[in-house]
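The entries below follow the order in which I looked things up.

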Amino acid sequence: MYKILEKQVLSDVTKLMVVEVPQVARKAQAGQFVIVRIGEHSERIPLTIADFDRQAGTITLIFQEVGKSTMEMGTLEPGDGFATVAGPLGHPTEIEKYGTVVCVGGGVGIAPIYPIARALKEAGNRVISIIGARTRDLLFWEERMRAVSDELIVCTDDGSYGRKALVTEPLKELLEARGKEIARVWAIGPAIMMKFVSLTTQPYKVPTVVSLNTIMIDGTGMCGGCRVLLDEGARFVCVDGPEFDAHKVDWNNLLARQQFYRTEEALAVERWQHECQLDKEANRG
Amino acid sequence: MASLTQKERTRIPRQEMPAQDPVVRGGNFNEVALGFTAELAQQEADRCLQCARPHCVEGCPVGVLIPQFIRALREGDMEGAVRAMKVKNGLPAICGRVCPQEVQCEARCVLGRKGEPVAIGRLERFVGDYELAARSCPLEAHPLTGKRVAIVGTGPAGLTCAVDLGREGHRVTMFESLHTPGGVLIYGIPEFRLPKSVVRGEIDYAVECLGIEIHTDYVVGRTLTLSELLAEYDAVFLGTGAGLPSFMRIPGINYNGVLSANEFLTRVNLMKGYLFPEYDTPVKVGRAVAVIGAGNVAMDAARCSLRLQRLQAQKTGEPAGEVHIVYRRSHEEVPARAEEVHHAEEEGVIFDFLTNPVEIYGDERGNVRGMRCIRMQLGEPDASGRRSPVPIPGSEFDMAVDTVIFALGTSPNPLVFVDAEGLQRTKHGTVVADEQTGRTTQPRVWAGGDVVTGAATVVSAMGAGKRAAADMHRFLMGESTGW
């Protein structure tokens, strides 16, 4: 069992956990992910490593409760643990001194963009970060992001905090005003956000890197469930990625593939909520 | 019965193994073949002629002492049978179920020249199952040698290698990337062909007897690299098995409903998707499934699809649908084990021979709605000696399918090669290793199984693990130096 040492509730549906897994912490680099599994009956799900402490032998995971597995994860407390934490998987982010770079984090994607922004800053880049969420409650790590960025733009879709805008709006303005300066853009967030970031940067021909979070089973190059279509053919996110050139990704195919198990996911959530309800009633009675 | 003459022995018919009824089993994931009873095993053992020069042994990749274990069975000495079995094979309950005996030991049996060979595989399974319950003859290890060995991958190659080295007194540590040891025995081969309790039973028994350590959730190449293992261990064996699944280079392979047999079987077997929603990982098949390929993996995928369809139909009351095996060659070239093909046919899998997909169609939501195929004919023999299939111009036709499962083999996992510069690979991406010894181009590293041969059988991987273990032992004991 991989023990949870710390838990923070970042919002109603966003949780942070510090997990003891020295063999992963020892190797983890920005851009990599782990496969986690709660227990015997659970799925294997990929989560990007939001932070790591080699000395303490811990990694930090941040997840949003969007399905049954993440909802169940949200109920775990310090002292509980995961049955599986395997990794670090995937290629690390290619950190170099590029010049001026933009890091875009949307929703729970703020978590994985943080170590990338930090590493880019440490490598001597001028880092402009844009973080955004649907609403104020879903934002987190603003101060952390500010600490590793030369400029930080915060926005919410509903205007409840920061600027009322989608992340693509300030991004477009930056490209318009300083397009020639910007050497590279990183974007991590919901697939639909990454698609629109890609469409935004494409006319300016600014190299854009996205970190894809597809459905995976083993996460180690065996099942092929994570395959994504690029201009040059199918690639496996787990071993070829998770970062790809955004301008080469077939976004519509990616978005369609994420929907394949929607009925089953809904059924699982319904069952989970029903069980939780029964538990509550039992506790009361 | 010891008084039977040779002639009388040859007159005993080959004993059939009881099996679940095809109609009933199509709706469940329980084991199909039920195993010999003691009486059937005795009858079958009585058929063995105890040849002075037994050819059956030559046909076995791990050289099981076949006449000896059958002789003990004949004499009612179960422990003797187990002892004889374990000289060469530490995992008989597994081999008895998944080896292609008809092309190995049984193909060489003298009885097969005029009639039917001794059912060696079924007897092996009988002995293995007995021992899993009785634990009468635990594997014993020689005194510790002080040498430490790392084995990467806990599938058939790695397990066999681990057992043999453990018996020699070496300290064995195994690394598994998934959360359960067993490799393809767990994620690939379905419950109805190889119950997971049997796999777990065999592994637990061997590991306990020999003090083998298993680290799950260790992805070699990421969590640890080969260089790091070499710094810590005296020798390393790579048995990482199959890797990235192959897809055809045709349009439409990324529609929803197109998946690799690896993904499909992993969802079903490792993750127990057939028990969704009790287990969290979903698996779904449509009403018309096409499995592309005709190897053992294709049969497993087809038979799992059929069961999922029927389980679904039991819930909804709708008709179950159909499952096709689409294969570009003919029945004669089918590479799967005979029993699997037979079972698949019995259960109602439809075989479309001399047929090859050329395109997969999708609907506006990105789901598969059909597959265009072309008819094939057999032409000249190719490099493999099989007549190569050639498309018949103008013979294209459409199949209305909503699920397409590719079972076309795999190419080795690229992660093994991370931080392993000394390891040479073939143009197919497999590890270069000596066939007899398993030695790779990197000193102190051996390899065997699918990572060397590409997709093959469980028992050939076991054979490779065994040969490598023998060479590793010689090397570790200083009997064979140099590289």
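I counted as a salt bridge a side-chain nitrogen of Lys or Arg within 4 Å of a carboxyl oxygen of Asp or Glu. The model is predicted, so I required pLDDT of at least 70 for local features and 80 or more for side-chain atom pairs, while totals for chains, interfaces and linings use all residues. Residues are numbered from 1 along each chain, chains are lettered from A in the order written, and side-chain values use heavy atoms without hydrogens or water.

**Entry 1: salt bridges.** I found 5 salt bridges between chain A and chain B. One that I looked up joins Arg271(A) to Glu278(B), with the closest N and O atoms 3.7 Å apart.

**Entry 2: extent of the interface.** I took contact as heavy atoms within 4.5 Å. Chain A contributes 48 residues and chain B 45 residues. I then computed buried area, the accessible area (1.4 Å probe) that two parts lose on being put together, summed over both. The two chains bury about 4,000 Å², and carbon and sulfur atoms give 54% of this. On the side of chain A, Met222(A), Arg227(A) and Phe260(A) lose the most area to chain B, together 17% of what that side buries.
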